[in-house]
Amino acid sequence: MDVQTLRAEAFKALHERDGAFVIPNPWDAGSARLLAGLGFEALATTSAGLAFSLGRPDAEAALNLEETLENARAIVDATPLPVAADLENGFGELPQDCAQAILRAAEAGLVGGSIEDATGRSDAPIYDLALAVERVRAAAQAARSLPFPFTLCARAENLLHGRMDLDDTILRLQAFAEAGADVLYAPGLRSVDEIRAVVQAVAPKPVNVLMGLAGVPLSVNQLQDMGVKRISVGSSMARAAMGALQRAALEIREQGTFSYGEQALPFAQLNDLFRR
């Protein structure tokens, strides 16, 4: 098997084995290598992390497919791990746009990717269910046309856009499963009851849960006990890095001191990591 097929098979196996796994979200090649060096088994890109690193907002069509795939290629090339991509809404409204995003992602070396039902429009933030399902179905058909098992994750975005309707969110996830999605994901779940309801509603399909949210202190073991299969952290690691940068800069500006350097990773440690 070629390298991409090996990575794809390894990624698929992570979703089929017992227990949960964490798939952290690097935003560039350096953060990818650092995370791989810490023993994580797979990585996923983050649209928000990339957007913030470029000085742009997230979820406002500030990134295009080419920029997303350029970033994904750098992350794929940085480590031997399987990498899945945040493909946002497929970079287009039509089902064929979603299918094309999956095929282009595969060309970039990715072995998984997510398609969401968010439109990117403030007046109508979520696609109608029928269109959302057709978009996932087209993405699934594209994934199945590939010569390796591309893992398709379908995202229901209600909770991130102020539509706090768990019943509709679950209905959408179930419909996405029927349309061919391999993994289901509703970012914004915050309670044990919500997470359990989603896991039970789409079983036996694996569920991805977003962590790194303020006020959600659930652990990997707790999520695993609820039946969660995959745990991602979205932009939270990129935001943590930005937070450290801001605190360091404010210390210099407001106090005239440089104690932040005590918490920085040693130059030699990073140099050694990136030399390998």
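**Fold, contact and cavity**

Author: The protein chain has 11 helices and eight strands. Keep in mind that this is a predicted model.

Reader: What radius of gyration does the protein chain have, and why does it agree with a compact globule?

Author: The C-alpha atoms fill a box of roughly 55 × 45 × 35 Å along the principal axes. For 276 residues, a compact globule would have a radius of gyration near 19 Å, so the chain agrees with its own value of 19 Å.

Reader: At roughly what angle do the axes of α2 and α4 cross?

Author: Helix α2 covers residues 29–37, and helix α4 covers residues 65–78. Their crossing is right-handed. The two axes come within 8 Å, and the angle is roughly 35 degrees.

Reader: Which residues of α4 meet α2?

Author: From α2, the contact takes in Ala29, Ala32 and Arg33. By class, the contact of α2 with α4 has five nonpolar residues, no polar ones and one charged. On the α4 side, the partners are Ala74, Ile75 and Ala78.

Reader: About how much space lies in the largest cavity?

Author: The cut-off is 30 Å³ or more, and one cavity is counted by that rule. Its space is about 40 Å³.

Reader: Which elements give two or more residues to the lining of the largest cavity?

Author: The lining consists of Thr45, Thr46, Ser47, Leu50, Leu63, Thr68, Asn71 and Asp86. Two of these are nonpolar, five polar and one charged. The elements that give two or more residues are α3 (47–53) and α4.

How values were computed:
Residues numbered from 1 in each chain as written. Predicted model: local features only at pLDDT ≥ 70, side-chain atom pairs only at ≥ 80, totals over all residues. Heavy atoms only, no water. Axes fitted to C-alpha atoms, helices over the stretch in contact; angles between N-to-C directions. Helix = DSSP H or I, 4+ residues; strand = E, 2+ residues; numbered from the N terminus. Left-handed = near helix turned anticlockwise from the far one by under 90°. Contact = heavy atoms within 4.5 Å. Nonpolar A, V, L, I, M, F, W, Y, C, P; charged D, E, K, R; others polar. 1 Å grid on protein atoms, 1.4 Å probe; cavity = no way out; pocket = protein on both sides within 12 Å on 5 of 7 lines; lining within 4 Å. Points joined across faces, edges and corners; volume = space filled by probe spheres on them. Rg over C-alpha atoms; globule rule 2.2 N^0.38 Å.
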